[in-house]
Amino acid sequence: ASFFKPENTTCGNGSPFYFGVQRGDPRKVLYYVSGGGACVDHTTCCVLRTFTDSVPVTPTEMAGLSCGRGFGFALGGLLDPDDEQNPFFGYTVVAALYCTGDLWLGTESATYSSSDGESSCLVHHAGSRNGGFVDEWLASILQVDELDSLVFAGDSAGAYGSLFHGANLLRLLQSQIPADSGKSVSQLVPSAWLGDSGVGAAVSSPTWGSTRGFLADVLDSNPAYEPFSEEDLTKPPPDNRFFSNNHKIYRDFMASVSQVNPCFSSGEFSPNTDETQRIFATLTEPLCPDCCAANNFSFGCGTNPEIFAAFVNSSVE
């Protein structure tokens, strides 16, 4: 596997942003976007540091990348390249590593100051640019007519980042298809998204500059979608409209992706043992009456690993 450090990208603390590539079957691609919290004010950004502000890659792990040991991390599940039961066994895996505290949406650097003005910290919310680079890099090397499977996946903040940037990659790849064909990428290539432990965290802060990033490009590329403003996207906590409004944006985004790519399959799940997601689910339960209340919280409750694996391994009819 290899790591790449793109120019003009950065992590929240100013350190380098990286993405990794584990080479496998070039016709099958898994685009994985990692998570790691978020921050919106002085307390969360400077005091509690409720987000990952640098790529967690040590020199030892970097050295392991050139020795064929996967990404150098002790990871299992869909990122385990040696598990033949993994539905993505043999896939080429591209992993974008999160470090900006903005759900991969930000375009701005922000200084957060305490109420007494005695302390502050600078956070580079560059998730839109970081992920956007990976989107564009993939769009430059992938050929729609040579792909058998294209899957986007992520966890926590990366659950949203993988959906947002996956949709952006689909938009970029669409340029390879003749406009008069009437076909979308998802109609030519089995395409899917799977988000883990993201439900309830669909928030955005005005300090991130979200509407000036790729998010607006994806939404505005759909003629059925009405343009949104920063005010539409954000509401300050603890006002419960903060969750309500952002869930509306999130669902509208999923609807927009589905309208442009009618064969795009999506699913999100959060185990009931995930304490953080249980808190989010409790906060958002009145806003999501159709969410599962049993062993998982999800939008629609229709995805499980077996069904998802069957979809990934199916072919376009």
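This is a predicted model: local features need pLDDT of at least 70, side-chain atom pairs count only at pLDDT 80 or more; totals for chains, interfaces and linings use all residues.
**Whole chain**

I began with the overall make-up and found 10 helices and nine strands in the protein chain. Of its 317 residues, 50% are buried. I then checked the contacts with a separation of 6 or more; residues 24 or more positions apart account for 74% of them. The accessible surface comes to about 14,400 Å², and carbon and sulfur atoms hold 52% of that area.

**Tyr 98**

I located Tyr 98 in the loop that runs between strand S4 (91-96) and strand S5 (108-113). Is Tyr 98 buried or exposed? I put Tyr 98 down as buried because its relative accessibility is 2%, and the cut-off for buried is under 20%.

Next I listed what Tyr 98 touches, leaving out residues up to four places away in sequence. The list includes Ser 34, Gly 35, Gly 36, Gly 37 and Ala 38, and also Leu 103, Trp 104 and Ala 157. Thr 52 and Ser 54 are on it too. For Thr 52 I looked up the C-alpha separation from Tyr 98, which is 7.1 Å across 46 residues of chain.

I also followed the side chain of Tyr 98 to two backbone nitrogens. It reaches that of Asp 102 at 2.8 Å and that of Gly 101 at 3.4 Å.

**Strand S8**

I turned to strand S8, residues 191-196. Five of its six residues are buried, so I noted S8 as largely enclosed by the rest of the structure. S8 pairs with strand S7 (residues 149-155) in the parallel sense, over six bridges. I looked up the partner of Asp 155 in S8 and found Asp 196.

Notes: Residues are numbered from 1 along each chain as its sequence is written. Side-chain values use heavy atoms; hydrogens and water are left out. Helices (H or I, at least four residues) and strands (E, at least two) are DSSP runs, numbered from the N terminus. Buried means under 20% relative accessible area, exposed over 50%, partly exposed in between (1.4 Å probe, protein chains only). Contact means heavy atoms within 4.5 Å. A polar contact is a pair of N or O atoms within 3.5 Å; within protein, one must be able to donate a hydrogen and the other to accept it, and residues adjacent in sequence count only if both atoms are side-chain atoms. Two strands pair if DSSP finds at least two bridges between them. Accessible areas come from the Shrake-Rupley method with a 1.4 Å probe; for residues, only the protein chains shown count as cover.
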